[in-house]
Amino acid sequence: MTMDPTRFNREAKPTWCPGCGNFGIQNALKKALNALELEPHQVLLSTGIGCSGKISHWINAYGFHGLHGRSLPVAIGMKLASHALTVIAEGGDGDGYSEGMGHFIHACRRNVDITYLVHNNGVFGLTTGQVSPTGDQGFVSSTTPHGALERPFHPLALAIGAGTTYVARGFSGDSERLAGLIADAVRHPGFAVVDILQVCVSFNPDKSYKWYQERVFDLDAEGHDPADRAAALAATEPREDGRLPTGLFYRAEAPTLEAGLPQLAGAPLVDHDIAAVDVAPLMEGLI
Ligand SMILES: Cc1ncc(C[n+]2csc(CCOP(=O)(O)OP(=O)(O)O)c2C)c(N)n1
């Protein structure tokens, strides 16, 4: 059966700035969902607040655009309630690595079978340009007029350290390669993080498409072994020549959280018949 490759399109047009890296990420996500032969009703997006989080408005699938920094706990709840669905959490670096940081670390160690896509542009875009936790030291923004004093952290080093079983990085300017990484991440049975180097033409314009194109390369080209955890952590270290590795950093096998929940062994929770469940004894025990 040939599937219609436009089935994830919506009529509404994105309001992102012309040239925004989110367009490349949106294309990559649609390509990945198409390659996975999923139908819109099988996909659920949980997105955070920010320009990036609006992606759930413009992809034809189930979507929930919730509170700032909370895309992950919502996505985990969705997956546990209806684990037959493909659940993807998505948002910006401000949403996930600033406001949502606590949720991020716990999602890394929990290993629920969801995918997390972070549109990492080093800046809070929607609120018109405040430095984020991945913004460079010295970055001049509306909150750091004399240059950011704090050093950025590397989200992928943190993800590997906290127990994530699939860790990759893509680039918004290479949607073909990014689509491959996203599809691979969705196929991975466990928590999969894809940090995406995203161009923000309006509030981080120095890091243009050209700037990234001169620096990004694929770890594959260096013969990197994603099963080697120490090598994966080493690959997250900043390079003296300023080059930026992309591709698959780390992949490991580990039981998902769902596998340890006997309640999910049969039908998804949403399909359980609860009409005959008597909660009275439980309520009495609590009073
Ligand atoms: C609880 C809360 N705090 C702050 C805000 C204001 N706010 C909206 S979006 C945003 C940051 C968005 O940055 P990022 O996640 O990097 O997304 P981008 O817009 O760059 O895609 C902030 C701080 C909010 N909406 N809610």
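The model is predicted: local features need pLDDT of at least 70, side-chain atom pairs count only at pLDDT 80 or more, and totals for chains, interfaces and linings use all residues. Residue numbers start from 1 along each chain as its sequence is written.

**The sheet**

Helices (H or I, at least four residues) and strands (E, at least two) are DSSP runs, numbered from the N terminus. Eight strands form an open sheet of mixed pairing, in the order E2-E1-E3-E4-E8-E7-E10-E9. The edges are taken by strand E2 (62–65) and strand E9 (216–218), each with a single partner strand, so one side of each is left without a neighbour in the sheet. On average, neighbouring strands of this sheet are turned by 20° against each other, direction ignored. Such angles are based on axes, which are lines fitted to C-alpha atoms, for helices over the stretch in contact; angles run from 0 to 180 degrees between N-to-C directions. Two strands are taken to pair if DSSP finds at least two bridges between them.

| Strand pair | Sense | Bridges | Residues standing opposite |
|---|---|---|---|
| E1 (43–47) and E3 | parallel | five | Val 43 and Thr 86 |
| E3 and E4 | parallel | five | Ala 89 and Tyr 116 |
| E4 and E8 (192–197) | parallel | six | Val 118 and Asp 195 |

Helix H6 (residues 175–187) packs on the sheet, where it touches E3, E4, strand E7 (166–171), E8 and strand E10 (244–251). The direction of H6 makes about 160° with that of E7. Contact between two residues requires their C-beta atoms, placed from the backbone, to lie within 7 Å.

Strand E3 (86–92) is largely enclosed by the rest of the structure, because seven of its seven residues are buried. A residue is buried if 20 or more other C-beta atoms lie within 10 Å of its own, exposed if 12 or fewer, and partly exposed in between, with C-beta atoms placed from the backbone.

**Nonpolar cores**

A nonpolar core is a set of buried Ala, Val, Leu, Ile, Met, Phe, Trp, Tyr and Cys residues joined through C-beta atoms within 7 Å. The largest has 55 residues, of which Ile 114, Tyr 116, Val 167, Ile 182 and Val 194 touch the most other members. H6 contributes the largest share of this core, seven residues. Not counting residues up to four places away in sequence, Ile 182 touches Ala 28, Leu 29, Ala 32, Leu 117 and Val 194. A second, separate core of eight residues includes Val 123, Ala 148, Cys 200 and Phe 203.

**Ligand shell**

The ligand is surrounded by 18 residues, the closest being Gly 50, Ser 52, Gly 92, Gly 94 and Gly 125. Membership requires a C-beta atom, placed from the backbone, within 6 Å of the molecule. E3, helix H3 (93–99) and E5 each supply at least two residues of this shell, and H3 gives the most, with three. By class, the shell has five nonpolar, eleven polar and two charged residues. Here Ala, Val, Leu, Ile, Met, Phe, Trp, Tyr, Cys and Pro count as nonpolar, Asp, Glu, Lys and Arg as charged, and the others, Gly among them, as polar.

**Positive phi**

Most residues other than glycine have a negative phi. Asn 111, although not a glycine, has a positive phi of about 55°. Asn 111 is placed in the loop between helix H4 (101–110) and strand E4 (115–120), and is buried, with 23 other C-beta atoms within 10 Å. Thr 128, also not a glycine, has a positive phi of about 70°. Thr 128 lies in the loop between strand E5 (123–124) and strand E6 (130–131), and counts as exposed, with 11 C-beta neighbours inside 10 Å.
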